[in-house]
Amino acid sequence: MDQESDDYNEVRPTFYIGQHDSTRSETLTDLQYGQVLNAGFSYVTTPITNEHFHDRVLNLLKTTLLDAKNNEQAGSIPDPVVPPVTIEDTNLFPGAYTSGLVAYSSPWIDLCSSNHVVSSISRQVLNLEVSYANFCGVRSIIVPGPRQDSIKTGSSQGITQYARAIKEAFSIGTRVNIIIHIPMYREPSLEEKVPLLSPFDEDAGKTSSVGQEIDLFSSWDSWHVIRSVCEYDARLYIALKIPRVLPEKELQTRWFSEPIQYLTFGPQTFQTNKAGHPSLSRHHQDMIFTYMRLKNAPYFLLCDVGPELEADPSPKEITTAEFPTLAEAAAQQAASSSGNKFHGLNSYSAYLRHLERQQEPLNDLEQTTLTNFQDWLQSPLQPLSDNLESITYEVFEGDPVKYCQYEMAIAAALTEWAALGKPTSSPGGEVVIAVAGSGRGPLVTRALRASQSTGVPVRVWAVEKNPNAYVYLLRQNQREWGGRVTVVKTDMRAWKGPLLSDPSSTSAPAYGKVDILVSELLGSFGDNELSPECLDGIQHVLAPTHGISIPASYTAHVSPISTPRIYADIRQRALASDDNAFDTPWVVRLFALDFVAERGVPGHPRFQQAWEFSHPLPQSTLDAVEVRRAGGVAGGGGGSMAGAVGANDHNARHCHLTFVCRSRGVIHGLAGYFESVLYAPTLGGGVGGEEEDMKIELSTLPENIGRKSKDMVSWFPIFFPLKQPLYFPPDTELEVSMWRQTDDAKVWYEWMVEAFMWAGPSQRVRVGGSDLCSSRKVACLL
């Protein structure tokens with residue numbers, strides 16, 4: 001009973017399973033629709049037009065081709081016009097459940113045909129069907145994808161024609177989503193079996209793929225052309241045909257990043273288990289479970305798996321009066337559920353229902369936060385120029401991992417301080433700790449805990465510029481900290497240090513130094529929330545010989561990625577009103593993405609370090625900064641940028657990185673991460689790498705977060721978008737140039753990506769490149 005109760009409370013992604021019959025030529029009657037729902041399906045597909053319409057179009061094509069054959073004069077015969085849909089041409093009409101149907105356009109049209117007449121008629125048929133389905137209230141239309149890819153000689157024109165026809169259909173169906181039904185790769189069993197219009201053209205060339213090598217990425221290539229021509233339209237999706245043999249992970253993650261609405265399975269995809277029932281391989285199951293973790297998880301569409309529907313001799317629409325009452329429906333449900341658990345269920349849909357229950361349940365964090373934030377764009381914080389709200393602090397404080405790491409770092413520093421017998425800056429011998437940018441005080445609490453656990457006495461100062469958070473800190477000091485903390489309201493850069501003299505004294509105040517300076521100023525890229533500038537500004541209060549900064553250092557890391565959904569979102573913002581959409585480094589929980597760089601390439605890993613910052617700075621650097629700020633630089637006021645004296649030049653950075661890509665693809669921007677060493681103990685006598693393991697660190701790098709700060713969610717990655725997607729061929733080297741720029745008043749980033757191919761042992765050819773992107777218009781203000 002307890003186990004059942006636990007299962008009941010667990011939340012798992014829901015499977016929505018639909019049914020498609022490729023031989024279906026008419027819309028289901030109400031009775032047949034009910035039969036499909038009773039077999040365990042949630043929705044069905046419907047053809048838009050019927051056999052009568054097909055025969056009419058076929059006769060038009062034959063007549064036109066015959067006339068063209070008998071008349072050799074070019075252009076003498078105008079293009080045929082497909083007449084409008086009539087009542088004999090369709091069984092789809094507006095109804096109570098029409099909006100719940102998924103329309104399937106005629107699979108016999110050939111938008112890719114090299115014959116102008118065939119492609120023109122096909123395009124007109126598609127437009128007629130989209131227009132009529134849109135009128136009926138259908139919200140999604142699946143269009144069979146191209147049957148050949150542009151990778152094959154002579155096929156590129158067909159893909160372009162197809163893409164143009166889809167874009168035209170969007171202007172006709174103003175309220176429908178168009179879903180391209182396309183295979184993950186060209187596995188022979190996934191091809192459409194319905195004959196095309198093209199074979200009726202006697203001049204149509206016939207090609208066979210039997211015995212030919214399969215290009216795994218050719219199907220994705222065709223999709224990329226289609227969505228590029230359609231300008232990443234938000235109403236364009238994919239129905240992905242799943243093969244029996246799954247390809248390499250590289251292709252699977254490529255499709256995972258795309259806007260997939262349906263995963264479609266035919267009977268050939270399934271295996272038969274020992275009991276004679278359909279099942280999927282472990283690789284297929286893992287792929288499904290991965291997809292179902294998406295915020296907008298795809299639906300399932302089972303193709304040609306039954307059930308066999310009974311003919312409806314007297315089809316009619318069911319009226320509201322004919323629906324059963326709640327009591328009658330409950331009685332029918334009880335009667336049908338007695339006996340076999342899967343009585344009447346389709347065996348394929350029953351198996352998917354079984355997989356639905358086998359999923360790992362969503363944990364609390366996934367249910368409340370992580371799933372909702374998937375691929376959702378957030379502007380970076382401006383902590384120096386803006387005062388954050390309490391709810392923002394509360395979100396940060398919801399991550400126990402970060403604060404546990406901070407507490408461990410403070411405790412390690414205090415332990416070593418006592419062990420080494422280092423002098424303190426307090427007259428009473430306590431170690432002086434200052435929390436710079438205290439917010440609502442979580443790090444203050446952790447500092448007090450570290451003191452209690454190590455037995456090392458401390459004096460804690462909480463420095464905060466936000467006047468509202470300052471009030472909250474005073475309350476915390478009364479209620480939680482027992483008055484053990486001195487709270488100061490000021491910008492940390494203007495703080496003069498711990499006050500040692502009596503505040504009531506008339507003599508000049510005396511200020512002391514800080515032994516351990518603790519801050520949580522790190523951003524998604526490490527330095528993007530001005531941690532270097534803030535810590536430079538407060539370093540004057542740190543004890544010069546033995547002072548410690550926590551964090552001690554941090555590094556920024558980048559990797560080129562493909563993320564079509566995010567690019568489409570940014571593009572929509574740019575078209576609407578946000579002129580800086582492509583110039584903004586966005587904070588986003590990257591989820592539906594593809595890392596295009598190859599793993600394990602010597603000297604060129606998938607994630608590469610851009611630059612590093614360490615604290616405290618050498619005194620010589622601080623002295624040079626003061627000289628520049630005072631106007632003591634020879635030449636007067638040049639600096640790194642026009643109008644600046646260069647006082648912040650030491651915080652400017654530049655990197656040039658090379659990433660190797662084995663397969664062709666497209667990138668939409670750069671993913672940014674960071675790592676930080678909070679504290680590196682100097683005692684312990686580590687041997688053979690043990691000292692590295694003793695470091696107390698934070699990391700958002702996908703390859704290291706599980707080892708260094710598992711389950712930490714305080715920081716999402718940062719995304720540097722490209723203004724135009726950059727396509728690159730196989731065996732490409734992507735060169736990334738990035739700059740951290742400053743003019744003493746603000747800080748911003750610039751980035752650029754170039755693609756190169758080797759044309760010989762010592763010659764490379766530039767095959768593409770992005771514009772130089774800059775966030776100067778949305779820079780962080782100092």
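Reader: What makes this an open sheet, and in which order do the strands come?

Author: In this predicted model, 5 strands lie in the order S13-S12-S11-S14-S15 with parallel pairing, forming an open sheet; a strand here is a DSSP run (E, at least two residues), numbered from the N terminus. Strand S13 (485–489) and strand S15 (548–550) are its edge strands, since each pairs on one side only, and the twist from one strand to the next averages 20 degrees.

Reader: Why is Leu678 called buried?

Author: Buried means under 20% relative accessible area, exposed over 50%, and partly exposed in between (1.4 Å probe, protein chains only); the value for Leu678 is 0%, and therefore Leu678 counts as buried. Leu678 lies in strand S21 (residues 665–679).

Reader: Which residues is Leu678 in contact with, leaving aside neighbours within four places in sequence?

Author: With contact defined as heavy atoms within 4.5 Å, the partners of Leu678 beyond those neighbours include Tyr406, Ser549, Ile550 and Leu698.

Reader: What should I keep in mind about these values?

Author: Local features need pLDDT of at least 70, and side-chain atom pairs count only at pLDDT 80 or more, whereas totals for chains, interfaces and linings use all residues. Residues are numbered from 1 along each chain as its sequence is written, and side-chain values use heavy atoms, with hydrogens and water left out.

Note on methods. Pairing = 2+ DSSP bridges. Helix = DSSP H or I, 4+ residues; strand = E, 2+ residues; numbered from the N terminus. Axes fitted to C-alpha atoms, helices over the stretch in contact; angles between N-to-C directions.
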